[in-house]
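Subject: A structure for you to look through

Hi,

Here is the structure I promised to pass on. Please open it beside this email and follow along as you read.

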Amino acid sequence: MKKVAAALLCAAITSGCAHSVSGTAGASPLQELSPDQQRHVHVEDALRAADPCGLLDEAVVRRAGTVQQYGSAVQLPVCSALMARPDGASTYVEVSLLPSMLSEQSLTRPETVDGVTVYRGAGADLTRGTCERVFRLPLGTEAQDFGLPLATVRAGTVAGQDACPLADAVLDSALDRMRSGLPARDAGSSDQVALAVHDPCEVLDVLGTTAGGRVVDPESPPAPFDCVLFPNPNRVPGSEVTVSFTMSPVKENRPPVPAVPETVGDRCRWTSPMGEPIDITRPGAGVDEFTRRLGHAGAVVTVHGPNCAAVTRVADAANTAFG
């Protein structure tokens with residue numbers, strides 16, 4: 001069980017937290033952005049609005065065993081399920097709307113299923129008992145200009161067994177659910193934190209004219225839960241501040257909101273839990289403590305930048321917008 005839970009945790013570890021700003025970057029409002037920048041923003045908006053759990057049908061994963069955990073507790077764009085099989089072994093499956101670290105092999109063996117491009121990849125990895133499928137999300141021609149967006153289904157069970165039938169069953173269900181468009185997030189869902197429906201750039205609504213607007217780099221990968229902004233109207237290069245949403249397992253005592261940001265190297269950082277956590281472990285589930293803690297998680301807002309005064313001001317705006 002612990003190995004399966006650790007596999008779910010790895011997605012959180014491998015997801016990027018940094019955001020580089022190239023010379024093509026520009027600041028909002030949107031009408032001030034180039035067409036490429038506007039398309040980039042629209043793709044991020046669509047990815048943030050989509051609910052990954054809306055593509056992971058619980059009735060399908062239930063065929064693999066008793067559902068022990070179900071929800072979006074590891075990453076905001078990921079929905080995962082953990083099942084206990086009748087023989088005592090564990091099986092997991094996850095749907096990610098923002099996959100990271102896809103290999104070249106992942107994007108092989110393409111085919112079209114109901115008008116959607118699907119990559120079957122290398123097939124079953126019997127050594128690890130895993131299988132991955134990649135598919136394109138229906139976000140329109142604007143998204144295709146970026147070669148995006150891609151989503152994944154990953155399934156895993158005990159070593160030596162083929163997890164691809166489960167991955168394919170989840171994939172087929174997800175494609176069927178996409179026929180009328182991507183399912184929308186619901187702030188009241190027990191499967192995800194309420195912060196997931198928010199745009200981190202909402203801090204700009206609080207800052208108003210005291211900030212210089214958002215920064216958009218169309219050459220960078222979509223980052224729907226990051227907002228890079230100029231903290232001051234003069235838009236000095238190198239002064240950018242980043243607001244990020246992530247998930248973190250809940251400790252016994254949630255830390256209070258820090259009064260001031262901390263200095264990390266040559267940058268300042270403010271990090272705080274935000275909103276109520278979720279617990280995706282089903283009542284009576286026979287999971288170990290490590291797995292249980294992994295499924296009890298809450299949203300975290302992080303603000304970082306080179307100037308502590310600017311980070312403090314943006315952090316105050318984040319508290320107002322999301323607290």
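First, some ground rules. This is a predicted model, in which local features need pLDDT of at least 70 and side-chain atom pairs count only at pLDDT 80 or more, while totals for chains, interfaces and linings use all residues. Residues are numbered from 1 along each chain as its sequence is written, and side-chain values use heavy atoms, with hydrogens and water left out.

**The sheet**

Helices (H or I, at least four residues) and strands (E, at least two) are DSSP runs, numbered from the N terminus. Two strands count as paired if DSSP finds at least two bridges between them. With that in mind, look for an open sheet of 7 strands with antiparallel pairing, in the order S2-S3-S4-S8-S7-S6-S5. Strand S2 (66–71) and strand S5 (110–113) are at the edges with a single partner strand each, so one side of each has no neighbour in the sheet. On average, neighbouring strands are turned by 20° against each other, direction ignored. Such axes are lines fitted to C-alpha atoms, for helices over the stretch in contact, and angles run from 0 to 180 degrees between N-to-C directions.

Here are some of the pairings:

- S4 and S8 run antiparallel and are joined by 5 bridges; tyrosine 92 stands opposite glycine 156 in S8.
- S7 pairs with strand S8 (residues 150–156) in the antiparallel sense over 7 bridges, and cysteine 131 has alanine 155 in S8 as its bridge partner.
- S6 and S7 are antiparallel too, with 2 bridges between them; tyrosine 119 is opposite valine 134 in S7.

In S7, 5 of the 7 residues are buried, so the strand is largely enclosed by the rest of the structure.

**The cores**

A nonpolar core is a set of buried Ala, Val, Leu, Ile, Met, Phe, Trp, Tyr and Cys residues joined through side-chain atoms within 4.5 Å. The largest one has 35 residues, of which Leu56, Val93, Phe135 and Val170 touch the most other members. H5 supplies the largest share of this core, 7 residues. A second, separate core has 33 residues, including Leu76, Leu195, Leu204 and Cys227.

Contact means heavy atoms within 4.5 Å. Leaving aside neighbours within four places in sequence, phenylalanine 135 is in contact with several residues, among them Val116, Val118, Leu150, Val153, Leu171 and Met178.

**The salt bridges**

Side chains of opposite charge can pair when their charged atoms come close. A salt bridge is a side-chain nitrogen of Lys or Arg within 4 Å of a carboxyl oxygen of Asp or Glu. The structure holds 18 of these salt bridges.

Aspartate 45 is partly exposed, with a relative accessible area of 28%, whereas arginine 48 is buried at 8% relative accessibility.

Arginine 48 also forms a salt bridge with aspartate 199 (3.2 Å, N to O). This pair links distant parts of the chain, 151 residues apart: aspartate 199 is in the loop between helix H5 (164–177) and helix H6 (203–207). Both arginine 48 and aspartate 199 are buried.

Then find arginine 120 and aspartate 168, whose side chains meet in a salt bridge (2.7 Å, N to O). Here a loop between strand S6 (116–119) and strand S7 (130–136) holds arginine 120, while aspartate 168 is in helix H5, 48 residues apart. Salt bridges that share partners join Glu111, Arg120, Arg133 and Asp168 into one network.

**One more contact**

Where does arginine 85 sit? Arginine 85 is in the loop between strand S3 (78–84) and strand S4 (90–96), and it is buried at 16% relative accessibility. A polar contact of 2.7 Å joins its side chain to that of glutamine 161. A polar contact is a pair of N or O atoms within 3.5 Å; within protein, one must be able to donate a hydrogen and the other to accept it, and residues adjacent in sequence count only if both atoms are side-chain atoms.

Enjoy exploring!

Key
Buried < 20%, exposed > 50% of the residue type's maximum accessible area, 1.4 Å probe, protein only.
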